Amino acid sequence: MYEQEQIKPYGKEGTKREQVEQMFNNIAHSYDVLNHTLSLGVDKVWRNAAINYLKPFFLPSPIGSEAGKRVILDIATGTGDFAILAHKKLGFPQVVGCDISEGMMNIGRQKVEKLGLSDKITFKNEDCSCLSFSDNSFGAVISAFALRNFQNLDQCLKEMHRVLNDGGHLSVIDLCTPVSFPMKQLFYIYKKAVMPLMGKLISKDNLAYTYLPDTMEAIPQGERMQRIIQQAGFRNVNFRRLPFGMCILYTAKK
């Protein structure tokens, strides 16, 4: 068991999965505003980096003609921003966004409907540790800011590997703690004062944005996460820290 798997938003009662679902339902109304505010808008740069990694493999069209190679899966899609970005930048005719929080996905459904993409981007309630999709169903699996929230990281990564087509690609970003001066020192102040205060004021959830920095510190990072992804069956596993050092992009191939 990894350290972040033991950290829950609301204390001892209930499983981590149950509490994470409750947390995201609680903060769904303010999630997008908080994401962009807390990251000073850099979260958009991080998402773009993850999608740009996939471009050489899927544009102008994916290798092969099987239907599954033209579908992308967004794990823990939340309010759908990553799924929308993938559709726009990769030209996929279908993106499936899955999440355990209906509150978050309902906001995503509203966004997609306003964009006229309801026939292109769909949402499904799924637990990443036991996905309902068949083996080899997707040409790519993406995820943003979710690894810290999994109750069973190893099992979730194995499921991502299972549903990928042979030769399919994984592109995942997650928050981390900076390792270089001055961001390392500034982050300490940010996590202790700024993040919990802003989270409380905007989301009205006193604990959600204390949970966030705690899991950022606890989750395996860099080389250690690289080995964990390899152990799930992936090959060609690489990582790089993105601007400001608070986010890492992990990429891999089945």
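# Close-up views of the predicted protein chain

**View 1. Strand E4 within its surroundings.** Seven of the seven residues of strand E4 (residues 138-144) are buried, so this strand is largely enclosed by the rest of the structure. The model shown here and in the views below is predicted. Strand E1 (residues 71-75) pairs with E4 in the parallel sense, over four bridges. Strand E5 (residues 164-175) also runs parallel to E4, and six bridges join the two.

View 2. Helix H6 comprises residues 153-163, and its buried residues are Leu153, Cys156, Leu157, Glu159, Met160, His161 and Val163. The list holds Glu159 and His161 as well as Leu153 and Leu157. These buried residues pack against E1, E4 and E5, and also against helix H9 (223-231). Two of the elements in this packing, E1 and E4, are themselves paired in the parallel sense.

**View 3. Helix H4 and its cover.** Helix H4 (residues 81-90) is mostly covered, with seven of its ten residues buried. The buried positions are Phe82, Ala83, Ile84, Leu85, Ala86, His87 and Leu90. The cover over them includes helix H3 (42-58) and helix H5 (102-114), together with the strands E1, E2 (94-99), E3 (121-125) and E4. Gly91 follows H4 and has a positive phi, near 70 degrees.

**View 4. Ala76 in the loop between E1 and H4.** Ala76 is found in the loop that connects these two elements. The phi of Ala76 is near 55 degrees, a positive value in a residue other than glycine. With a relative accessible area of 27%, Ala76 is partly exposed.

**View 5. Phe244 in the loop between E6 and E7.** Phe244 lies between strand E6 (235-241) and E7, in the loop. Although Phe244 is not a glycine, its phi is positive, about 80 degrees.

**View 6. Thr251 in strand E7.** Thr251 belongs to strand E7, which covers residues 247-253. The relative accessible area of Thr251 is 8%, so this residue is buried, given that the class requires a value under 20%. When neighbours within four places in sequence are left aside, Thr251 is in contact with Tyr53, Leu170, Ser171, Asn236, Val237 and Asn238.

View 7. Gln19 has its place in helix H1 and is buried, with a relative accessible area of 3%. Its contacts, leaving aside neighbours within four places in sequence, are with Lys8, Pro9, Tyr10, Gly11, Lys12, Glu13 and Gly14. From Gln19 to Thr210 the C-alpha to C-alpha distance is 14 Å, and the two residues are 191 apart in sequence. Glu13, one of the residues in contact with Gln19, lies in the segment before helix H1 (16-27). Glu13 counts as exposed, at 71% relative accessibility. Glu13 and Gln94 are 81 residues apart in sequence, with 38 Å between their C-alpha atoms.

**View 8. The whole chain, for orientation.** The protein chain has nine helices and seven strands. Its radius of gyration is 17 Å, close to the 18 Å that the globule rule gives for 254 residues, so the chain is as compact as a globular protein of that length. The C-alpha trace spans about 50 × 40 × 35 Å along its principal axes. Buried residues make up 55% of the 254 residues. Of the contacts between residues at least 6 apart in sequence, 73% join residues at least 24 apart. The accessible surface comes to about 11300 Å², and carbon and sulfur atoms account for 54% of this area. There are 31 positive and 25 negative side chains, and the centres of the two sets lie 6 Å apart.

Key:
Residues are numbered from 1 along each chain as its sequence is written. Side-chain values use heavy atoms; hydrogens and water are left out. The radius of gyration is taken over C-alpha atoms; the globule rule is 2.2 Å times the number of residues to the power 0.38. Buried means under 20% relative accessible area, exposed over 50%, partly exposed in between (1.4 Å probe, protein chains only). Contact means heavy atoms within 4.5 Å. Accessible areas come from the Shrake-Rupley method with a 1.4 Å probe; for residues, only the protein chains shown count as cover. Lys and Arg count as positive and Asp and Glu as negative; His and the chain ends are not counted. The place of a charge is taken as NZ of Lys, CZ of Arg, CG of Asp or CD of Glu. Two strands pair if DSSP finds at least two bridges between them.
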